[in-house]
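Student: I'm new to this one. Could you show me how to read it, feature by feature?

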Amino acid sequence: MNKNGTPLVEMRDISISFGGIKAVDHVTVDLYPGEVVGLLGHNGAGKSTLIKCLSGAYRPDSGDIFINGQKAVIENPRDARSFNIETIYQTLALADNLDAASNLFLGRELVGAGGFLNDAEMEAETRKIMGRLNPNFRKFNVPVSALSGGQRQSVAIARAVYFNAKILIMDEPTAALGPHETQMVAELIQELKKQGLGIFLIEHDIHAVMELCDRAVVMKNGQRVGTVNVNEVTDDDILGMIILGKKPPQAY
Amino acid sequence: MTQTSPTQSSADPTLGPVARFLKATEIDTRLLGMVGALVAIWIGFHLYGAIVNGNGAFLTPRNLWNLSVQTASVGIMACGMVLIIITRHIDLSVGSVLGFTAMVMGIVQVWILPDYLGLGNPLIWVIACLVGLLVGTAIGAFHGWLVAYRGIPAFIVTLGGLLVWRGAAFLLARGETISPVDATFALLGGGPFGAVGAVGSWILCVIACASILWMMVSGRKARKAHGFPLRPLWAEYTLAGLSCGLVLAATLVVDAYPWPKGIVSQYAAANNITVPEGGLFISHGFAIPLLIMVAVAIAMTVMMGRTRFGRYVYAIGGNPDAAELSGINTRLMTVKIFALMGFLTGLSAIVASARQTSATISLGQLDELYVIAAAVIGGTSLAGGVGTIYGAILGAFVMQSLKTGMVLIGFDAAIQNIVVGIVLVLAVYVDILYRKRAK
Ligand SMILES: Nc1ncnc2c1ncn2[C@@H]1O[C@H](COP(=O)(O)OP(=O)(O)O)[C@@H](O)[C@H]1O
Ligand SMILES: [Mg+2]
């Protein structure tokens, strides 16, 4: 990981409020290639709202976003995708009435001659990537409403990693997963990191954070408490930041 | 590999023969239920007529042919309503927009164009149709824009539209009836000359059967090429036989309905044919409005199943937020969907006014209810995300069959409305039960 160059992503002084509630209050974070940055904080701290400004779901009231040092205008999810930003949303954002392949390719369908959907090709590709991410997955021809929480989550993950993301946002990607599947996601994160992706990871399990993240950004009431290099602190230091908003000396 | 074996679907021993048949042919039970209901309605009316009135008039070529023509207008619009309802909207204005569009077309072809082009100029009907389609599409797009970009609920926008467009239609012609429409235009509404005749029907029959077979063969090939599960062969043959049999039966029915005597002698006189002793048997064949509806249904089915547009319609219905987050421009989609509804309403206005050979102030009144009912009876869920074109067409046939059947056996308008209302509520209730069970 090279932290001397320009960051892959820099979100500078981002603020957004909803009807008087400052959901994100002057927050600055950055992310380098090959780095995993954890976003931590209680429920309602503003983590999801912050990353939605990067994924194009929300437009911040103020603040700027830079991608590779260039100011980026992200007004909608299409813009974010054009910067190779992929997102696994906390809500998964799946169309329940469509099958796995249709969800995976939603908005980016494979089309063949005459502009007609190539469903067979999409299903084949979906079978391929699901074979890698979740080999037990069988339910290719049913709406995703018929899937278990873990299966749905693996579809959402597959969608984010299929399209060669450079920047990956994972909002509680393991919330619905069992221990075995969680382990698989951890391995996936390590692998993607090796490929040079930058990953924002929102995660509640402090052990997973210690294991997977290079840096951790802690938020509380919409504000950034501090940022730490994970290998310089203990998990108690981080918990102290989350719960008490107490900044250890190593934090900046 | 992770696939199920190709034959597994038909070999499950725990299923009864009927369930096994349905599973292998992939006919969904819902479609079967709708067809069953339609057949029951037909037979019911026929028997009622035969027993009570001593005259079973329903299952006759004449009535079935008329039914096909009468269904077209509502059926065409129901195809568009499916998309509207799938995306969790509603359009209460289609009847009024139909009336308004028909009035515009009537004025264009009766009051305006003959002055410039001369009466009977072949451009008249073409221009009138184009104007109608354009006006319908523009009105629909405007409704959609109000819904999508101004955030006004579709219920309100189109409720307003229901009043506005009916009123506007009245103002356009100061309440007058505009007739007669252009002679060529009138053919689009059916009638003895607005049908393709026996030979034309047989040609269409052959083309339809060939297309069905080609689709089944190429579909099977594609599944095989990707190693996806296949239907058992006997199921393929059964499906092919059923589909082609249906087309064949329809052809036989419309060919069995002859022109009335008056039209025949008129036609014979005009073409210097001597009518033989027993009269001349000239078949109607498929009526043009029916063919328009079928063409619309096929095009819309392809669009819904095989294009991005259709996929996005379902996605928006299933989860509007997810669709937006997937980069779909859901607002623009809403405008397009309402515009398409408007286009189909314009098309329907052509058929309806051509059938009457006039544009009247009441044309299309209450159509919105029949159209919505057709879509809903056809399995379009008001909760969004679910619905099919073929279902809406079947629903339109059900609604029209009820209406026609009650007229045939002499129920008056009050009872007709009561029955149609009850059927609508019942259909939605059955749908809710069905979905609960399916979960
Ligand atoms: N679309 C919205 N409308 C209104 N309030 C919102 C919206 N999204 C988030 N909020 C509010 O912003 C705050 C931060 O929420 P969120 O970002 O989801 O927190 P976290 O992901 O850290 O649990 C909460 O108080 C939440 O209620
Ligand atoms: Mg959250």
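Student: Leaving aside its neighbours within four places in sequence, which residues is A:Gly226 in contact with?

Tutor: Contact means heavy atoms within 4.5 Å. By that test A:Gly226 meets A:Ala216, A:Val217, A:Val218, A:Met241 and A:Tyr252, once neighbours within four places in sequence are set aside. Keep in mind that this is a predicted model, where local features need pLDDT of at least 70, side-chain atom pairs count only at pLDDT 80 or more, and totals for chains, interfaces and linings use all residues. Residues are numbered from 1 along each chain as its sequence is written, chains are lettered from A and ligands numbered from 1 in the order in which they are written, and side-chain values use heavy atoms, with hydrogens and water left out.

Student: Where does A:Gly226 lie, and is A:Gly226 buried or exposed?

Tutor: Buried means under 20% relative accessible area, exposed over 50%, and partly exposed in between (1.4 Å probe, protein chains only). A:Gly226 has 0%, so it is buried. Its place is strand E10 (residues 223–229) of chain A. Helices (H or I, at least four residues) and strands (E, at least two) are DSSP runs, numbered from the N terminus.

Student: What does the whole of chain A look like?

Tutor: Chain A has eight helices and 10 strands. Its radius of gyration is 18 Å, close to the 18 Å that the globule rule gives for 252 residues, so chain A is as compact as a globular protein of that length. That radius is taken over C-alpha atoms, and the rule is 2.2 Å times the number of residues to the power 0.38. Of the 252 residues of chain A, 54% are buried. The C-alpha trace spans about 60 × 40 × 40 Å along its principal axes.

Student: And how many helices and strands are there in chain B?

Tutor: Chain B has 18 helices and zero strands. Among contacts in chain B with a separation of 6 or more, 80% are between residues 24 or more positions apart.

Student: Can we zoom in on chain B? Where is the place of B:Thr380?

Tutor: B:Thr380 sits in the loop between helix H16 (367–377) and helix H17 (389–408) of chain B. At 0% relative accessibility, B:Thr380 counts as buried. Now for polar contacts: these are pairs of N or O atoms within 3.5 Å; within protein, one must be able to donate a hydrogen and the other to accept it, and residues adjacent in sequence count only if both atoms are side-chain atoms. Here the side chain of B:Thr380 reaches the backbone oxygen of B:Ala375 at 2.9 Å.

Student: Which residues are around ligand 1?

Tutor: A residue is near a molecule if one of its heavy atoms lies within 4 Å of it. Around ligand 1 you'll find, among others, A:Phe18, A:His42, A:Lys47 and A:Tyr58. Helix H1 (residues 47–55) of chain A gives the most to this shell, with three residues.

Student: Which polar atoms come up against ligand 1?

Tutor: A backbone N or O atom of A:Gly44 is 2.7 Å from an oxygen atom of ligand 1. A polar side-chain atom of A:Tyr58 lies 3.0 Å from a nitrogen atom of ligand 1. Taken alone, ligand 1 exposes 560 Å², and the protein buries 64% of that; such areas come from the Shrake-Rupley method with a 1.4 Å probe, and for residues only the protein chains shown count as cover.
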